[in-house]
Amino acid sequence: MIRNQLVVYLNGVKKNIAGSHAFLTLAQWLRYEEGKTGTKIVCAEGDCGACTVLAARYRGSDKLEYLPINSCITYPYLLDCCHIITVEGLGSRDEPHEIQEAMAKGNGAQCGYCTPGFICSLAGMFEDLKRNKQKISEKKVKNHLTGNLCRCTGYLSIVDSAMAVDPKNVARISEMYSEVEMLQDFKSAYDNSVAIESENATVYLPKSFDEGIQFLKDQESSVLTSGGTDLGVFSNKGKISLKKIVSLNNIPEAYEINVRNKFLEIGAKASLTEVEKACNQYFPEFSKKLHIFASPQIKNKGTLVGNVANGSPIGDSLPFLMVAGAILVIQGEDGVREININDFYLGYKKFDLQKNEVITKIKIPLSDAIFKLYKISTRKDLDISTVTMGTRIRIKNKKIEEMALAFGGVGPVVMRAKKLEKELVGKTIDSQTFENFATKIYEEIAPIDDLRGSKNFRYLLCKNLFLKLYEDLSREI
C-alpha cells in the first residue's frame, strides 16, 4: 500500500498533510496553515535559530525522543511519522513550561522575536538532561544555544534564566501529551511507502533502497535527499528548484549505526548527533570535531552521508574520512559496490556515482592509530571552514611508521598530500623534521583567493597546522 498523505502530530493533534502543503517548508506550514506564529522565519538558512521547534521521530519503538530542529530548512515530507512541538505546545493549558516562566522572570525575553527559538532549544536541552540523567551546567546551556544567534539584549540573562530551572521540576514532553493513540497511528502508517503529488512537485518516500532506486530510474531528474539541510538552504535562496524528490526518510535500515567486521557502519539517515555519540567511543578526535560541526538543530537533521554526497571542498567530515580510509557502500540497479572515499571525488562536485545509484552507508575501519583533526574558521561554532587538516599517524620508537594527511579548502576537492605522506615514513618525530617538510605541502595543494581567505593565507594556514601537528604529537609521545 502507498499512502498519499503524511501522518504528523502537531502539539498532540493529528494532522494529515497532502498535496502542496507537503512542499512548503515546515515553518511556512506552521505559520500560514496552522497559525503557529510563534515560530519565526528570519534567515531561512538554519543559522539564526528563530525557527526552532522540537520534533520526535517514530522509529518502530514506543519511545519518542524530542530534539530541536530548524523548521525553516526542513519540509513536512522529511517529518512523516513525527510529533512536532512548537513554542505554543510547551507547558500545559494552565501553566507555561518551566523555561518559559524562568525566561519571563529573568528578563531573558530579548525583543521577543527570537525568544521562541531560544525557548524551544532550551526545552530540548531539558529533554536531553532528563533522558541522560545529567545535571544542568552553564556549559551545557551554552552548547545547546549555539544555534540561536540573537544577542540583541545580551546573553547573560538567558543563561541565568536557564540555570535557574531545576531539571527535576521539568516534565518530559511525553508526560505532557498522551502518546498512546499517536504511536498507534505512527505504527499503522510506518510500513507504507508515501507518494505525494502537487501541481508543481512530487515526492516519494520508499520503504527500502530498492524502491527508491527504482523510482529514481522511472523519474528522471529526481533529487535524492537525506537530512536536507543543504537542499533546504539552496531551495529557499532560489538556487535550485525541488520538483521531483526521493526522500530516504522512511527506510528503517538507513538510520542504523553498527560495529561489524571491524568497521563502524553509519547509515545514510543517521544524524550527525548520533554519529557524534557513536564516534565518542571509537574515534574521539572526530567526535570532538563533530561537536563544533554545526548547531544542535542542524546536527539533529543533517547526516554524515549527506556531507559526503555534497562533496564540498571544505566539508568538515571529509579530511577525517579520507585519512581513515572510509568505504562508501553504493547501491544501484546492478547491485551493491564499495569504493574507498579517496577514489570517490573526481573533481569539483564530480563523483564516482552513476545515475540512479545511492550511498546507503559509510564503513569506517576501526583503528588504533593516532588521529588529529584541525579546523580554521572565523568563529568556533556553526561556521564554514577556511582550511581543514586531517591526519592518521602511527609512531614506533619516535619514528613515523605510517602517515595519512588530508587538507580541505585548498583545491576543488579535499586533497591528500600523498607525496609528503611517503616522504615522512621513517622520519623521526622532531621539530627539525616538521620544519623541513612544512613547505613541501605547497607542492600538493592548489588554494584560490576567495572571501574567506587569500591563496597565500591558506598556504600559511596549512604550514602552521602541520607544525601544530608536531607540537601536539610531541606532547603525546
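Histidine 83 in β6 is the bridge partner of alanine 56. The model is predicted, so to speak of local features requires pLDDT of at least 70, side-chain atom pairs count only at pLDDT 80 or more, and totals for chains, interfaces and linings use all residues. Residues are numbered from 1 along each chain as its sequence is written, and side-chain values use heavy atoms, with hydrogens and water left out.

Strand β4 (residues 52-57) runs antiparallel to β6, and four bridges join them. Strands are DSSP runs of E with at least two residues, helices are runs of H or I with at least four, and both are numbered from the N terminus; two strands pair if DSSP finds at least two bridges between them. Strand β2 (residues 6-10) is parallel to β6, with three bridges, and leucine 10 stands opposite isoleucine 84. Within β6 (residues 82-85), Cys82 and Ile84 point one way, His83 and Ile85 the other, and all are buried (under 20% relative accessible area, with exposed over 50% and partly exposed in between; 1.4 Å probe, protein chains only).

Asparagine 436 lies in helix α16 (residues 431-438). Its relative accessibility is 45%, so asparagine 436 counts as partly exposed.

The lining of the largest cavity comprises eight nonpolar, two polar and three charged residues. Here Ala, Val, Leu, Ile, Met, Phe, Trp, Tyr, Cys and Pro count as nonpolar, Asp, Glu, Lys and Arg as charged, and the others, Gly among them, as polar. At least two lining residues come from each of α11 (284-291), α14 (318-324), β18 (370-377) and β19 (385-396).
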